[in-house]
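Here are my notes on the model, as numbered points. Have the structure open while you go through them.

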Amino acid sequence: MASMISTATCGVKAMRVEKSLEELYSVRVERNVSKERLTELGVSRWSVWKTGKCKLPWDWQVDQLVYIEEGEVRVVPEGSDRFMQFVAGDLVRYPKWFEADLYFNSPYQERYRFRAYVDD
């Protein structure tokens, strides 16, 4: 007796996966950084920068490491309609030659240092 084998076809849809802006622009972020990590990096000795509500166009001529102590910043890379958002407790590394508009909606304070090529 002959048997028939039935084959079912299944539809496969391709998904478009967008990379995060952090990945696209090589911006690194550590969230809720521990006191131990801050001590290890010497953050308390870094320079302080403050601002109030404003928009600031910025381009990084060197790598910069930033620890946000107060407030939040919305970072819109040049030519993008998407944004990254960083808040108090975040440690952010902006790469050399990155260009973006920074939006501050309330008092903001960060500690920062510029990074040399030998730092990592």
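1. A word on burial before anything else: a residue is buried when its relative accessible area is under 20%, exposed when it is over 50%, and partly exposed in between (1.4 Å probe, protein chains only). Gln109 is buried, with a relative accessible area of 17%. You'll find Gln109 in strand E9; strands (E, at least two residues) are DSSP runs, numbered from the N terminus.

2. Some housekeeping. This is a predicted model, in which local features need pLDDT of at least 70 and side-chain atom pairs count only at pLDDT 80 or more, while totals for chains, interfaces and linings use all residues. Residues are numbered from 1 along each chain as its sequence is written, and side-chain values use heavy atoms, with hydrogens and water left out.

3. Back to Gln109. Its side chain makes a polar contact of 2.6 Å with that of Glu69 (a pair of N or O atoms within 3.5 Å; within protein, one must be able to donate a hydrogen and the other to accept it, and residues adjacent in sequence count only if both atoms are side-chain atoms). Not counting residues up to four places away in sequence, Gln109 also touches others, including Trp49, Tyr67 and Ile68, where contact means heavy atoms within 4.5 Å. Tyr67 is 42 residues from Gln109 in sequence, yet their C-alpha atoms are 8.8 Å apart.

4. The side chains of Arg93 and Asp63 are joined by a polar contact of 2.5 Å. Leaving aside neighbours within four places in sequence, the contacts of Arg93 include Ser26, Gln64 and Arg115.

5. Now the greasy part. A nonpolar core is a set of buried Ala, Val, Leu, Ile, Met, Phe, Trp, Tyr and Cys residues joined through side-chain atoms within 4.5 Å. The largest one has 16 residues, and Val73, Val75, Phe86, Tyr94 and Phe98 have the most contacts inside it. Strands E4 (64-70), E5 (72-77), E6 (84-87), E7 (91-94) and E8 (99-104) each give two or more residues to this core, and E8 gives the most, with three.

6. Beyond neighbours within four places in sequence, Tyr94 is in contact with residues including Val27, Trp60, Val73, Val75 and Phe86. A second, separate core has eight residues, among them Leu38, Leu41, Tyr67 and Leu91.

How values were computed: Helices (H or I, at least four residues) and strands (E, at least two) are DSSP runs, numbered from the N terminus.
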